[in-house]
Amino acid sequence: MTDPTAGGTADVVVVGAGPAGSAAAWALATAGLDVVVLEKARFPREKVCGDGLTPRAVKALDDMGIDVSPAGGWVRHRGLRVFGGGQVVEVDWPVLDSWPSYGLIRARRDLDPVLAGHAVAAGARLEQEVTVTDPLLDDAGRVAGVRAQAGPGREPVTWRAPLVVSAEGLSGRLAKAIGLTRREDRPLGVAVRRYVETPRGEDPWLDISFDLSAEGPTADSMPGYGWSFGMGDGTANVGFGLLDTRRGGGTDPRTVLCRWLATLPPEWQLGEEHAVTPLRGAGLPTALSRGPAYTRGLLLAGDTAGVVNPFNGEGISYALETGRMAGETAAAALAAPEGPAREAVLRRYPQRLREEYGRHHRLGTAFLALLDRPALVRFATAHGLKRPAMVNAALRLMGNLSDGRDGDRFDRAIALLTRLTPSV
């Protein structure tokens, strides 16, 4: 066992043990590399999140060999219940060849240790309560490790590695230290949430509401939505997400959340008086808002790279996917000769992210501009929610769930539209 207060060496250092960091560590360990994950907190720990895993995230977990059966504490949900324009509709997750037909609920307090443990079981080392402070640079200005603080009052320590994966989240301390700042012209969302004790805690549907006041959508709540996700244990994760802080009228999201909850039936018990945790908030970096995702020995994954889906604020699936991509890229690079051949492998990583997500995120950014019009949202939900096929199609588009050119007419149309859309 290593002593985190002494530092050390590895083939790759991964900073952050959230979904992106653990997925990267799992991929690296599976490839037979020595990988150490540095996590500033100690599990279990809180993370602000909606806790809802879409079929896209379910597939990412399945691809990593993680058992998501109910016996393991996973709660399945069948789809969304959408409120808008005075209408309510329940829509199942789509049945597609490429994706599971169900989603999951798992609190991040439980999810993250499961993922980290899966990486450790594959051979990764996990060091907790190690706060990374800055990158270690060699004479050429390349990232060659990190400096860290292992516990309060300890002397700084150094972890050396030829490659570092930053999965630090929105803060992106390592990225900012080498000049990779978040692009201000890309959407940045914000979410606030708390857990409440409620009779709706066992609900198999995820509630999504665009009617966030007695008048429906307002300029303060758009582009955004409220949610109530039953956790399967008598509680629900209740929150509000504003998907683009450049819009929305400037009202505090906490105010929007409280105003929405006041419109709901008292017997649902979703208000503050039923809270079992404080109200907490976090940012949602979208649309590949920080990059390049590789430079000078540092790879970015998850929220650090800004890969949250701008359509809906979904981040876990993309954290899992990009973490694994970063790990696979690092493993392939370290198998190549040091020098130009290795750098050529690493430089393909940002291009892979753009190919996977860039066009869909461009469409999502345009979608936010439409959601910024409350009257349009009221009209679209009042009329669109009466048409289940239209709701299903919207769910597939917003959730990035499609069989592509091998799918039905809608999938083929979206595939064509996506190909014609320039990448972010």
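## Starting at Asn-312

Select Asn-312 first: its relative accessible area is 15%, so it counts as buried (buried is under 20% relative accessible area, exposed over 50%, partly exposed in between, with a 1.4 Å probe and protein chains only). Before going on, note that this is a predicted model, where local features need pLDDT of at least 70 and side-chain atom pairs count only at pLDDT 80 or more, while totals for chains, interfaces and linings use all residues. Numbering runs from 1 along each chain as its sequence is written, and side-chain values use heavy atoms, with hydrogens and water left out.

Asn-312 sits in the loop between strand 20 (298-300) and helix 6 (316-334).

Asp-303 is found in the loop between strand 20 and helix 6, and at 25% relative accessibility it is partly exposed.

## The loop between strands 3 and 4

Jump to Pro-44, in the loop between strand 3 (35-39) and strand 4 (52-53). The peptide bond from Phe-43 to Pro-44 is cis, with omega near -5°. Gly-50 is in the loop between strand 3 and strand 4 and is buried at 17% relative accessible area. Its C-alpha is 9.3 Å from that of Arg-194, 144 residues apart along the chain.

Most residues other than glycine have a negative phi, and most peptide bonds are trans. Select Gly-291 and Pro-292 for another cis bond, with omega near 5°; Pro-292 is in the loop between strand 18 (280-285) and strand 19 (294-295).

Which phi does Gln-269 have, positive or negative? Positive, at about 55°, although Gln-269 is not a glycine. It lies in the loop between helix 5 (253-261) and strand 18, and is partly exposed at 29%. Asn-400 also has a positive phi of about 55°, but Asn-400 is buried, at 16%. Look for Asn-400 in the loop between helix 9 (388-398) and helix 10 (409-420).

## Salt bridges

A search of the whole structure finds 27 salt bridges (a side-chain nitrogen of Lys or Arg within 4 Å of a carboxyl oxygen of Asp or Glu).

- Lys-59 and Asp-63 meet at 2.9 Å, N to O. They are four residues apart in helix 2 (residues 55-63), so about one helical turn separates them.
- Asp-207 and Arg-81 meet at 2.5 Å, N to O. Asp-207 is in strand 15 (residues 205-209) and Arg-81 in strand 6 (residues 79-84), so the pair ties together parts 126 residues apart in sequence. Both Asp-207 and Arg-81 are buried.
- Asp-134 and Arg-147 meet at 3.1 Å, N to O. Asp-134 is in strand 10 (residues 130-137) and Arg-147 in strand 11 (residues 143-150).

Then select Arg-81, Glu-90, Arg-200, Asp-203 and Asp-207 together: salt bridges link them in a network.

Technical notes
Helix = DSSP H or I, 4+ residues; strand = E, 2+ residues; numbered from the N terminus.
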